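The sequence and the coordinates are shown first, and the description follows.

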Amino acid sequence: MDPEQVDEFVMGYLKKKGFNNGTRFSSIDYHNDPDLTKLIRSFSQSENDPSRYREGYSKLRSWGDNSLDLYKHELLRVIYPVFIHCYINLVGKGHTQEARAFFNSFRKDHEMVHLRDLQKLEGVLAPSHLQEMEFARSLRQSKFNIKICQCSYDLLLQYLHRTESTLMLGIINERINFQVYSGQPNSASDDIESVTISGSFHETADHVNQKEIHWGLLEDRLQKTGGLLSDSEKGQGESKADSKKRSSEIGKQGSSVKKLKKDKAGNATAKVARQETSMALSTTPRVKPELAMPVMSTDVEESILEDLRNRVQLSSLAMPSVSFYTFVNTHNGLNSSSISHDGSLVAGGFSDSSIKVWDMAKIGQAGSCALQDENGGRNYTLLLGHSGPVYSATFSPPGDYVLSSSADTTIRLWSTKLNANLVCYKGHNHTVWDAQFSPFGHYFASFSHDRTARIWTMDRIHPLRMMAGHLSDVDCVQWHPNCNYIATGSSDKTVRLWDVQTGECVRIFVGHRSMVLSLAMSPDGRYMASGDEDGTIMMWELSTARCITPLIGHNSCVWTLSYSGEGSLLASGSADCTVKLWDVSSSTKLTKAEEKNGNSNRLRSLRTFPTKSTPVHALRFSRRNLLFAAGPTSKPAS
Amino acid sequence: MSIVPKETIEVTAQSIGITNLSPEAALMLAPDVEYRVREIMQEAIKSMRHSKRTTLTASDVDGALNLRSLEPTYGFASGGPFRFRKAVGHQDLFYTDDREVDFKDVIGAPLPKAPLDTELVCHWLAIEGVQPAIPENAPLEVIRAPADNKIYEQKDGPLIDVRPPVKHVLSRELQLYFQKIAEITMSKSSPALFKEALVSLASDSGLHPLVPYFTNFIADEVSRGLNDFQILFNLMHVVRSLLQNPHIHIEPYLHQLMPSVVTCLVSRKLGNRFADNHWELRDFTAKLVSLICKRFGNTYHTLQSRLSKTLGNALLDPKKALTQHYGAIQGLTALGHNVVRLLILSNLEPYLSLLEPELDCEKQKNQMKSYEAWRVYGALLRAAGLCIHDRLKVFPNLPSPSPSLLHKGKGKIISAETRKRKLSADSSQNQLPHKRLMTTTDGLRPQDHTGPAPMHVDKPMGKKGNESESRHQNEKERGKGRVITMKAILGQIWKDDLDSGRLLVKLHQLYDDRILPFIPSTEMSVFL
């Protein structure tokens, strides 16, 4: 670039910035300062040349790749935000063609981790799209947070200054928020939290997660899990007899001697486990309910107590029995299914806007013929009323109501005793994806495509609370065992915990890499598990909002999760046609040990039960710890 | 720059009646179209996830359009994959094949069968952590090596519970299933039920634990029930179903199964009643043998050699009964052409000379014996014929034969078939000497007026009741003429393929014209 061009550019720049009497500055002798000339030149280039982005990015990338292994993974974290913003800038400036070429040549680097985001961004081709698209807007409005050690940070700065790539420097300066810490770089494995995408929102997340949370159980609801404490001695004998009876009922193989021995062993372990759980229970804090709780009738209470007394203790040594309900001839129309708490009722929501409820107890009996007659040849109860695909149908805890939600934006309450629709709740503006009863019934939560979750009671047709804040669709919802909180999982890859009383968001859990599809709360209320589209399950500790460990094993969508009655096992059902059992107790116990030796331990996958090409849609541990599963067979009907 | 080409925009614009769309506008629209389509597809994927599916359907796209308050797509909900056709003359232009349907046809058509109603079935996926091997569950790896368990134990420490591989544990359901199948197999009353049982055996998973029991059962019953033809036949059907089941690894039990199968092939006596069609059983078993060899020949190298040795011994032992010879020949035929050439064709001449006296009705007074001999003769003919057919098939196709000749060839085959059928059907009647006469000359039965043989046209037709003398004369002349032409052609073949030509000549010498039906018609016409 010759001096005249430099002159011209400087004048033009000054004019643009409002210095009309640019001649005054011409007295400054920048021609003789080579550094200054170079800087000006690079500025002029970056202003009008889209290929600078490509050049700068590919240099930065290869520098990162060639750096020392010790710092490599930290330096490579910087690459992704730079890539995203290079692309956004290119699109924003209208260089559509270059943007597309840039994107396609480097997208492979990030596909592994950020596939969903890339797919979203790929379609953005015009500046107007950037304005319109939620995701792009949030990216532009926020900063990336990157944890990086001092040494890596220095290295990066050094590189940026040495190469004078002001463009890259600009992007990094503008879009990335470094959290520099002293000491050695972290190992590559625990970098889940080190890059968080939406910075501004993450700051609030940090802030939000400081709030106090009472995750303990309700104090006057001892019978729910605390019933074990008082009944444990009495229950021992009974459960022994019961388990023997069960084994004779269920067990079809083996000599009886062996069986007995196993039973004894099982009881011994059960005793240990029982003591452990009672220990754990005694340490769980009690909290007061914030909502007015419905009164439970005594006979219901008694039946629950009876169930708890007969509960089989599960652990890694004592596996549950799994009963599988298979839907056949669904013709691809089954959207959701659910199982009542005692496993006797099974409901399916279909895309032809019908709900079908099967009473398994009646089907097994001889009187099923009479049942068929009164239902017109069917052995299920058909509930019609919705005018769009039914996306959920769930049972109230005692099993006397069914709650369904549909694409027609309504939620309907049905009675299983009358086989009729009782209430239609209107309020959502879009498809209602799911509705869930609270652990004690009466209250329920729903969530929708309109990005809100709402709390309702059965006797009012308007919602009591509305929870807004997710950046995308809310995809699943789960109540905390003490009814004071609900958790929601969303397409924005976060899980949030909301206070039911105040409607405030009290926790944000960041770490999933794709849409969150299922949630489960441990019975003691301390932990939460969430499953996503890629098959990863994450265990969270509610109080700290930290991920304890990811459970990796499924290779497709995790549709459903369920904790066993005493919280020692987690069952997960997935689109890869398997039910997996995970040992949760050992890991949560080991968290203390983990603190000591700083070694993150993985939850163990105990068993995998493959089904015969049946994706698992619903799982439910009954109060007696029998696991029920349901799903439609995906084989074409012959 | 978009993945939607400008032309697509233009075509779409034309289809909705905008003719004056400028290329610039189309170029501007393309990126936006791409963006919108992607947006809708993302919504559709969301809809799919909430329907708990992993395949995208047209209804998901409709759902996505619905969420955006847009008109859904019409005419795609009927299900079934779309067939895209390439537009003639264009490389990258496709269209859906959408046929026009006549209202009359639609109204007149019978109602389609109503789809089956949704049902719920229940089974145990696991019992105390162990998956029972029932048909409802996915097939398990049943045989777990104990070594694996040990490794597992060492790796995970003492925390993990190691259950020993389930041994000798047969669930109640499986026991019942076995009993039921055994019962049905042994009873001769309900063929429909038996058919169902065979289908179940051939397709159900989770039957693997029963395989040793079934092999045992089959071996026992075959040795016990040699006199009961029907049971033997049922048992062989059971064997075939077991072989067909893809969830069963039958290899380890093959050595137990083979003796029973071979017994059913070459036993001296199968069934004790005269009416029992034990030939059919032998044929069926021969097919079974060939199936086994095809499937396990690769993994089980000695199988074929051992089989052919056993069968060869049975064939070449003159002391064995003719029925045994028949079974051996059928078995060898099923084993393939190489075996046939090696074991049958090489011994054909001496064997036929041995068989000759049996065939002769005057010498062999016992009609039964003579019938059996004819059966064996037929089987031999078939084996040799198939073999030579196979050889000739490899011949290059010679210039197109004249249609009339082709016709002739066909006629010959048909007539030969009728002869064969007749031969098996009524050979026990006293027509036998007469027929033998026919077969040794040409095999065309003059009585066979109903037969479709077009040969009759160019043949001096004898009236009913004609003396066999004159007919005989006639035939002889014809036969002679043919043999001469045949010789000439065979010479040519000989030039083409020394080996097969020689074989053919030899076979021709032994069988006269009866081998001809096995020669493919086109080649045959060449000969003629």
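**Overall composition**

The structure is a predicted model. Chain A contains 18 helices and 32 strands. Of the 638 residues in chain A, 55% are buried. When contacts in chain A between residues at least 6 apart in sequence are considered, 57% join residues at least 24 apart.

Residues 383-415 of chain A are 0% helix and 61% strand, with end C-alpha atoms 10 Å apart.

**A four-stranded sheet**

Strands of chain A form an open sheet of 4 strands in the order β11-β12-β13-β14, with antiparallel pairing. Strands β11 (390-395) and β14 (420-426) of chain A stand at the edges; each has a single partner strand, so one side of each is left without a neighbour in the sheet. From one strand to the next, the twist averages 20°. Inside the sheet, strand β12 (residues 401-406) of chain A and strand β13 (residues 410-415) of chain A run antiparallel and are joined by 5 bridges. One residue pair can be named here: A:Ser404 has A:Arg412 in β13(A) as its bridge partner. In general, the strands of a sheet pair through backbone hydrogen bonds.

**A buried hairpin strand**

Strand β27 (residues 558-563) of chain A has 6 of its 6 residues buried, so this strand is largely enclosed by the rest of the structure. β27(A) is joined by 5 bridges to strand β28 (residues 569-574) of chain A, and the two run antiparallel. A:Val558 has A:Ser574 in β28(A) as its bridge partner. Together, β27(A) and β28(A) form a hairpin with 5 residues between them. In the turn, A:Gly567 has a positive phi of about 80°.

**Aromatic contacts**

Over all chains, a search of the whole structure finds 21 aromatic pairs. Two of them are set out in the table.

| Ring pair | Distance between centres | Angle between planes | Arrangement |
|---|---|---|---|
| A:Phe83 and A:Phe102 | 5.6 Å | 25° | stacked |
| B:Phe233 and B:Phe284 | 5.5 Å | 45° | tilted |

The planes of A:Phe83 and A:Phe102 are at 25°, so the pair is stacked. A:Phe83 belongs to helix α4 (residues 69-92) of chain A and A:Phe102 to helix α5 (residues 96-106) of chain A, so the pair ties together parts that are 19 residues apart in sequence. Both A:Phe83 and A:Phe102 are buried. These two residues also belong to one aromatic cluster, formed by A:Tyr57, A:Phe83, A:Tyr87, A:Phe102, A:Phe103 and A:Phe106.

In chain B, the planes of B:Phe233 and B:Phe284 are at 45°, so the pair is tilted. This pair links distant parts of the chain, 51 residues apart: B:Phe233 lies in helix α9 (residues 229-244) of chain B and B:Phe284 in helix α11 (residues 278-296) of chain B. B:Phe233 and B:Phe284 are both buried.

The charged end of A:Lys356 sits over the ring of A:Phe350, at 4.4 Å from the ring centre.

Terms used
Residues numbered from 1 in each chain as written. Chains lettered and ligands numbered in written order. Predicted model: local features only at pLDDT ≥ 70, side-chain atom pairs only at ≥ 80, totals over all residues. Heavy atoms only, no water. Phe/Tyr/Trp six-rings, centres within 6.5 Å; stacked < 30°, edge-to-face > 60°. Buried < 20%, exposed > 50% of the residue type's maximum accessible area, 1.4 Å probe, protein only. Lys NZ or Arg CZ within 6 Å of the ring centre and 35° of its normal. Pairing = 2+ DSSP bridges. Axes fitted to C-alpha atoms, helices over the stretch in contact; angles between N-to-C directions. Contact = heavy atoms within 4.5 Å.
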